[in-house]
Amino acid sequence: MNTYDLIVIGSGTAAQVAASRVRKAGRSVAVIDHRPFGGTCALRGCDPKKMLVSGAEAVDFARRMRDHGVSGDLHIDWKDLIAFKRTFTDPVPRKREENFESQGIDAFHGLARFTGPDRVAVGDHTLRGRQVLIATGPRPAVLDFAGASHLTTSDVFMELDQLPGRIVMVGGGYIAAEFSHIAARAGARVTVLQRAARMLPAFDSEVVGWLMERFTEIGVDVRIGNAVTAIERSGNDYRVRALTPQGEAIVTADLVVHAAGRRPDVTELDLSAANVAVANGKLQLNDFLQSVSNPIVYAAGDAAARGPPLTPVSSYDAKVAAGNILEGNRYKPDYRGVPSVAFTLPPIAAVGLSESAARVQASKLRVKSASVPNWYTARRVAESIYGYKTLVDEGSGRILGAHLVGPYADEVINLFALAIRHDLTVEDLKSTMFAYPTGASDIGSML
Ligand SMILES: Cc1cc2nc3c(=O)[nH]c(=O)nc-3n(C[C@H](O)[C@H](O)[C@H](O)COP(=O)(O)OP(=O)(O)OC[C@H]3O[C@@H](n4cnc5c(N)ncnc54)[C@H](O)[C@@H]3O)c2cc1C
Ligand SMILES: NC(=O)c1ccc[n+]([C@@H]2O[C@H](COP(=O)([O-])OP(=O)(O)OC[C@H]3O[C@@H](n4cnc5c(N)ncnc54)[C@H](O)[C@@H]3O)[C@@H](O)[C@H]2O)c1
């Protein structure tokens with residue numbers, strides 16, 4: 001049996017960052033993954049998704065500029081766009097494997113499961129770990145309605161060689177928003193069935209409200225308060241049943257996509273064999289990202305589910321966990337000012353506190369918000385959606401939250417993240433000279 005200083009379960013962002021740090025410190029490290037190496041972000045999430053967004057963006061920009069000096073129509077060639085995406089994703093597993101090898105990290109392919117507090121089985125091997133990091137990421141939430149097996153995941157969506165004509169998204173969060181914007185630009189008719197009272201509940205309601213105009217303009221049929229209850233197959237069609245405020249509705253589609261949330265992927269680890277406590281599918285961790293019941297086990301990223309399930313958080317968690325593994329428990333994660341973007345067209349972004357949370361925290365809160373499609377930043381790219389909401393603590397002048405929609409929101413939000421994470425004030429930002437004309441040059445007017 002091989003013994004390692006650290007066994008890392010997973011090969012995604014969290015796994016890679018932690019494995020490299022611990023190996024660099026001279027410790028022996030093994031990584032295990034049962035899927036091609038690379039994890040969600042690089043293979044099935046952020047990166048491939050954003051390559052599809054690039055195609056949609058080109059078409060969207062050309063259409064917006066029509067009659068403003070640009071003529072003719074562009075369209076998405078779906079097969080080619082997927083091929084473009086594959087130029088990035090196809091080499092990832094090999095590169096990741098070579099990267100592990102070059103660092104002297106042993107890589108194992110197969111499903112990992114605990115067989116004891118410090119034992120992990122993978123295929124015919126049993127490894128012993130002085131410490132173990134669970135970095136197994138997310139898996140789509142189990143939906144317990146009839147016919148849920150007909151659901152396609154976003155993973156499969158990004159592998160489709162042909163885009164079906166009629167698509168239903170089950171759920172109305174990040175995946176539904178982003179993928180409906182891509183698919184609509186590629187010519188599909190998309191219906192979003194969202195159980196909650198609005199789209200994108202993780203974002204500010206007023207700012208989401210401005211974005212909803214675009215869903216309508218591109219023909220995405222968003223139905224809120226619609227809980228999917230069953231999917232039936234009827235010939236080549238799927239009939240999606242939903243409970244709506246008006247009674248039952250049925251939507252017919254060629255493809256039904258799971259966009260109803262993801263959960264930590266920990267069910268197959270046989271955690272009880274390692275005495276790793278879990279409650280409601282969530283690992284029970286202390287403030288150091290360490291299992292409360294088995295001190296040699298740590299977790300990071302989506303599997304840990306301590307911060308928002310986003311790539312920068314996976315990477316950050318991995319640094320925290322690796323620090324604690326190497327130096328003893330010294331580091332606690334601080335998730336203040338994690339920016340988040342849904343890459344709709346235009347993008348919507350948020351960082352820091354929501355308005356309701358800021359009202360609780362600040363003794364005197366200044367809220368500034370406006371829809372500003374008349375600002376030059378929007379006009380010069382013929383974009384009719386542009387708006388912001390900023391939340392400032394009047395006493396200290398510190399920025400507590402920023403919520404943006406419109407051109408460059410996905411980049412400008414990072415400057416607000418910098419301000420929030422480093423306690424910058426309104427005055428600090430207003431006295432900074434930002435290059436003009438860029439998205440950032442509007443920051444002063446947003447505060
Ligand atoms: C469609 C989509 C788009 C996204 N877009 C963005 C975005 O734009 N920006 C952003 O910040 N975030 C985005 N995310 C979220 C982001 O991808 C995740 O937060 C991040 O990738 C999680 O990284 P991780 O290292 O925690 O886990 P992962 O990268 O998921 O790695 C976990 C690995 O563990 C493996 N594994 C699981 N169980 C076992 C087991 N028992 N044995 C062996 N191996 C196992 C899995 O195969 C996987 O490779 C997106 C997610 C999705 C699904
Ligand atoms: N740009 C990004 O950062 C990005 C993009 C895509 C995914 N992600 C990550 O992936 C995770 C999963 O994304 P997601 O969009 O699946 O989840 P989500 O949590 O963003 O949204 C899920 C939505 O599904 C709805 N829902 C649940 N069950 C339903 C049902 N039976 N019928 C109708 N609606 C139902 C819920 O109301 C909820 O709003 C997210 O948490 C996010 O962190 C991030």
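Mentor: Helices (H or I, at least four residues) and strands (E, at least two) are DSSP runs, numbered from the N terminus. This is a predicted model, in which local features need pLDDT of at least 70, side-chain atom pairs count only at pLDDT 80 or more, and totals for chains, interfaces and linings use all residues. Residues are numbered from 1 along each chain as its sequence is written, with chains lettered from A and ligands numbered from 1 in the order in which they are written.

Trainee: Where is Asp 302 placed?

Mentor: Asp 302 lies in the loop between strand S18 (297-299) and helix H9 (311-327).

Trainee: Is Asp 302 buried or exposed?

Mentor: A residue is buried if 20 or more other C-beta atoms, placed from the backbone, lie within 10 Å of its own, exposed if 12 or fewer, and partly exposed in between. Asp 302 is buried because 32 other C-beta atoms lie within 10 Å. Lys 50, in helix H3 (residues 46-64), has 15 such neighbours inside 10 Å and so counts as partly exposed.

Trainee: Which residues is Asp 302 in contact with?

Mentor: Two residues are in contact if their C-beta atoms, placed from the backbone, lie within 7 Å. Leaving aside neighbours within four places in sequence, Asp 302 touches Gly 137, Pro 138, Pro 264, Pro 309 and Ser 314.

Trainee: Which residues come nearest to ligand 1?

Mentor: A residue is near a molecule if its C-beta atom, placed from the backbone, lies within 6 Å of it. Of the 36 residues around ligand 1, the nearest are Gly 12, Gly 39, Gly 45, Gly 137 and Gly 301. Among the elements that each supply at least two residues of this shell are H3 and H9.
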